[in-house]
Amino acid sequence: MKSEDYYTASNVTYSNAMEFYATNPGPVDESILYDQDKHVSAAIWEGQERSALRCHEHTSKLDRWLLTEKQIELVKRAGFGYLRLIPAISLDNPLISALVERWRKETNTFHMTVGEMTVTLEDVAYMLGLRIDGEPVIGVTYTACDSVCVKYLGKSPDSKYTSGGMVKLSWLKESFSECPEDASIEDVERHTRAYLLYLVGSTIFSTTTGNKVPVMYLPLFENFDEAGKYAWGAAALSFLYRALGNASLRSQSTISGCLTLLQCWSYYHLTVGRPNLQHNPTHDCFPFVLKWKGKHIGPTSNRDVIFYRKALDSLKPSDVTWCPYVGTVNPISQTVIPESILNQLILGRSKTMLICFDKAERHLPDRCLRQFGMHQTIPEEVQRWERKTRGVDGGVDLSGKMESELNEWANRRFHIVEAEEDLDEGEYMNWYLRITRRLVGRPIPISSEFQRMVSSTLRFKLRQLTNQFASCMIAVRENSFFSPISYPYFG
């Protein structure tokens with residue numbers, strides 16, 4: 001039985017199910033979502049509404065960098081030839097916020113009504129054109145900018161442009177956005193490193209500070225050919241997973257990471273919030289994020305977080321496109337995909353640890369097999385892991401603190417999930433509906449729920465009093481007297 005058939009074949013009708021979830025949103029079995037009380041959905045259920053998250057990304061200013069042909073060649077060698085094409089897409093903060101409400105850091109997946117979904121390494125490869133195989137992105141941390149900026153950029157920023165080991169994006173743009181045509185090779189490389197730091201700080205590694213980027217990435221750009229060997233796509237996904245996990249906590253109000261990737265992933269996979277585009281054939285190219293570069297048709301205003309929350313709470317199988325990059329679903333020809341990307345796609349199904357310096361996050365494709373055209377089985381229990389932080393000490397090589405995580409990444413090709421045939425996905429759905437948080441928003445407002453509970457209590461008390469009064473009257477008729485000792489309520 002396919003999962004979409006489950007909804008029609010189940011003995012529990014949709015209305016009965018909704019009536020049950022109206023007061024019991026889940027999880028029934030708390031062994032998977034063990035941090036439910038810290039999650040934003042718990043606060044929303046209690047009536048503590050959260051406004052749309054502040055989304056930090058800076059793709060709008062990338063086109064102000066005027067790169068020379070020499071620089072573009074170096075950017076390609078470093079592995080960012082496609083990322084530099086990332087379009088300045090207007091972020092839909094309410095949509096992103098509603099998606100975050102369904103993100104669970106316990107599993108690194110979205111818990112949708114139809115099952116778990118997630119942004120996978122395959123999605124990163126298709127949409128951003130970044131390497132998802134290669135060396136882990138990890139190195140030395142810094143608590144100051146001067147020395148590392150002088151070494152790799154040839155100058156250091158004034159103190160007003162720095163904060164600890166972070167530098168303002170505005171300083172990079174003001175100082176390096178135009179490289180003279182007659183610049184020396186050394187100056188060309190310095191300008192290109194500054195651009196790469198600005199690029200990753202504006203997109204895949206954008207922080208909640210909104211306008212700063214850590215300088216710890218600079219040494220990885222020292223040699224452009226060596227930079228091209230890093231798994232930047234895996235690092236970008238680790239960074240996004242961590243950002244989603246942080247934003248899903250009830251106390252948070254901001255989100256960072258590559259939000260263009262997140263929003264376009266939603267456009268490809270879900271009908272909810274998907275815009276109608278004025279088709280432009282020039283956008284039918286690689287990377288696939290470019291498809292959403294263009295003018296939108298139709299209403300996009302007046303869609304707040306509650307609008308999207310309700311849409312996701314009532315999501316149906318027909319609202320989901322599990323495999324959007326293949327077949328007739330995606331009109332973009334597969335021939336435009338570079339061979340270097342195609343050769344890495346198998347790692348989209350790797351159950352491994354993603355690494356971006358101190359951010360190590362589990363990639364669990366076994367929980368969303370339908371995104372790979374497979375039947376979904378009940379996944380293995382998620383092994384809990386420690387989410388580490390850089391700390392305050394500079395000059396620390398994080399490789400020494402991340403040995404187990406690095407070993408998992410080194411063995412990534414030995415943990416490719418495979419398909420199982422002729423499975424009954426109804427068994428999976430029965431299991432899933434017990435362990436998930438089915439609803440985020442209350443079908444019945446909390447004020448109405450309170451009134452219903454009060455009315456129910458009053459009706460119960462009234463029936464109780466009526467029964468007591470009837471019993472008293474029967475006793476009076478039978479005994480022809482009224483005893484306040486026997487019936488103290490009337491005393």
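This report describes a helix contact and several salt bridges in a predicted model.

## Packing of helix 5 against helix 12

Helix 5 (residues 93-100) and helix 12 (residues 259-269) have axes that come within 11 Å and cross at roughly 80 degrees. The two helices are therefore roughly perpendicular to each other. Helix 5 contributes Leu 95, Ile 96 and Leu 99 to the contact, while helix 12 contributes Leu 259, Leu 262, Gln 263, Ser 266 and Tyr 267. Of these residues, six are nonpolar, two are polar and none is charged.

Side chains of opposite charge can pair when their charged atoms come close. The whole structure contains 22 salt bridges. One of them joins Glu 116 to Arg 367, with the closest N and O atoms 2.7 Å apart. Glu 116 belongs to strand 4 (residues 115-117) and Arg 367 to the loop between strand 12 (359-363) and helix 15 (403-410), so the pair ties together parts 251 residues apart in sequence. Glu 116 is buried, at a relative accessible area of 1%, and Arg 367 is likewise buried, at 1%.

Arg 190 and Asp 187 form a salt bridge whose closest N and O atoms are 3.7 Å apart. Both residues lie in helix 9 (residues 185-202), three residues apart, or about one turn of the helix. Asp 187 is partly exposed, with 30% relative accessibility.

Arg 193 and Glu 189 also meet in a salt bridge, at 3.6 Å from N to O. These two residues are four apart in helix 9, so about one helical turn separates them. Arg 193 is buried, with a relative accessible area of 7%, whereas Glu 189 is partly exposed at 25%.

Technical notes:
Residues are numbered from 1 along each chain as its sequence is written. This is a predicted model: local features need pLDDT of at least 70, side-chain atom pairs count only at pLDDT 80 or more; totals for chains, interfaces and linings use all residues. Side-chain values use heavy atoms; hydrogens and water are left out. Axes are lines fitted to C-alpha atoms, for helices over the stretch in contact, and angles run from 0 to 180 degrees between N-to-C directions. Angles under 35 degrees count as roughly parallel, over 145 as roughly antiparallel, 65 to 115 as roughly perpendicular and the rest as oblique. Contact means heavy atoms within 4.5 Å. Ala, Val, Leu, Ile, Met, Phe, Trp, Tyr, Cys and Pro count as nonpolar, Asp, Glu, Lys and Arg as charged, and the others, Gly among them, as polar. A salt bridge is a side-chain nitrogen of Lys or Arg within 4 Å of a carboxyl oxygen of Asp or Glu. Buried means under 20% relative accessible area, exposed over 50%, partly exposed in between (1.4 Å probe, protein chains only).
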